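Reader: I'd like to learn how to read the aromatic rings in a model. Could you walk me through it?

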Amino acid sequence: MGAGRVCRGGPSSAHPAAGAGAGRPFPPLAASSSAFPSSAPSETASTSVTKTVNGSHHFKIAGYSLSKGIGVGKFIASESFNVGGFDWAIYFYPDGKSGEDGAAYVSLFIALASEGTDVRALFELTLVDQSGKGQDKVHTHFGRSLESGPYTLKYRGSMWGYKRFFKRTALETSDYLKDDCLLVNCTVGVVQSHTEGPKIYTIPVPRSNMALHIGQLLTSGKRTDIAFEVDGEMFPAHKVILSARSPVFRAQLFGPMKDKNMKCIKIEDMEAPVFKALLHFMYWDELPDIEELTGVNTTWVSTLMAQHLLAAADRYALERLKLLCELKLCEDVAINTVANTLALAEQHHCYQLKTVCLKFVALPENLKAVMQTDGFDYLQQSCPSLLTELLEYVAKVGDHSVSPCLYSTEVLDGGDANGRRVKPRI
């Protein structure tokens, strides 16, 4: 009848010629040892690779004439910047670093600003010719032979540079000084070494496309089991995706207080484009194209969307989205939006964004213009305690009147000639 037979382990007496191992799909490991020689290859090779990890920093020194007289050995520092895993800073000495020159020269140095011992690096310091003739003053280690090798900085605070970088009288009548500003470019190349062994295979592994597959669920609209009504528009979605991404949605959709028959949720206090951007991030794990979303390509609209989206991210506990919005707002800080952004940072506990905004507003060239905006009126009403902190930053700027220009003071489109904010809706 052809009934099925049960194959049991061990040799079968029905096939004595097959031998003891006939029922095994693979030979035992011990039996295969003779197929692979145990002796190591007779020749091996490796390569020691030494190279530099390079990075640059641009330092603008505004108000040069006011910096004179601060004293020999006293410097103006750039913001620290990271290259090769170490922090660095540019030190400019308006009255020189050494008393023996009697403030006749300005000094310029690059300093190791983080912990480190025997950090080997190449340096380049450039004073930019602002006439457009391209006659920059350059001191560099790059592109030339170094008899003693790269420069070694022994500890934090170690410096490389020039005590007599430029004679001060010559500097003040040169094309390097324009509108009382100097521009300094610095390049650091940190020396790093590693050893490479022979590579005997190449298997290209594509980048993960999980976000593409999950995002297509939203795009296709298939298998949705919940809908959201926002400002009169409907947005279908998938409960399991939302609950996996947001603890707030998880509690709402699957918590003990959930409504099993709930098919639609109405979202209050949020505009439809903002919720659409929120859903896009939850499925794609990236910010949407703002122009595609709103039909407008302006920095002002982009900033406004980032403000609204930051509040939405905090509402639904989407920490990565909140940080992306915080970064976007730091990059686009401007006169007519900074007050609203500062209030938002205070209300949603974005401390880095708050610091950036306070520093920007406290600059003398920005303060008056910001105070004339509608956003500043809102700031006074909603976060009065911030005014005390702002005064502290203004006082700090007053104590250090020579400060690098860290931010743009342009008025974004969407504001009037006085920098006042207009129509806050997206």
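Author: Gladly! Let's begin with exposure: a residue is buried under 20% relative accessible area, exposed over 50%, and partly exposed in between. Keep in mind that this is a predicted model. Here F75 has 38% relative accessibility, so F75 counts as partly exposed.

Reader: Is Y93 buried or exposed?

Author: Y93 has a relative accessible area of 3%, so Y93 is buried.

Reader: And how do I read ring pairs?

Author: Two rings pair if their centres lie within 6.5 Å, and planes over 60 degrees apart count as edge-to-face. The model has 14 aromatic pairs by this rule. In one of them, the centres of F75 and Y93 are 5.5 Å apart with planes at 65 degrees, so this pair is edge-to-face. The two residues lie 18 apart and link distant parts of the chain: F75 is in the loop between α1 (64–67) and β2 (76–77), while Y93 is in strand β4 (residues 86–93).

Reader: At what angle do the planes of F228 and F275 lie?

Author: Their planes are at 50 degrees and their centres 5.2 Å apart, so that pair is tilted.

Reader: Which residues do ring pairs link into a cluster?

Author: The cluster consists of W88, F123, Y151, W160, Y162 and F165.

Methods:
Residues numbered from 1 in each chain as written. Predicted model: local features only at pLDDT ≥ 70, side-chain atom pairs only at ≥ 80, totals over all residues. Heavy atoms only, no water. Phe/Tyr/Trp six-rings, centres within 6.5 Å; stacked < 30°, edge-to-face > 60°. Helix = DSSP H or I, 4+ residues; strand = E, 2+ residues; numbered from the N terminus. Buried < 20%, exposed > 50% of the residue type's maximum accessible area, 1.4 Å probe, protein only.
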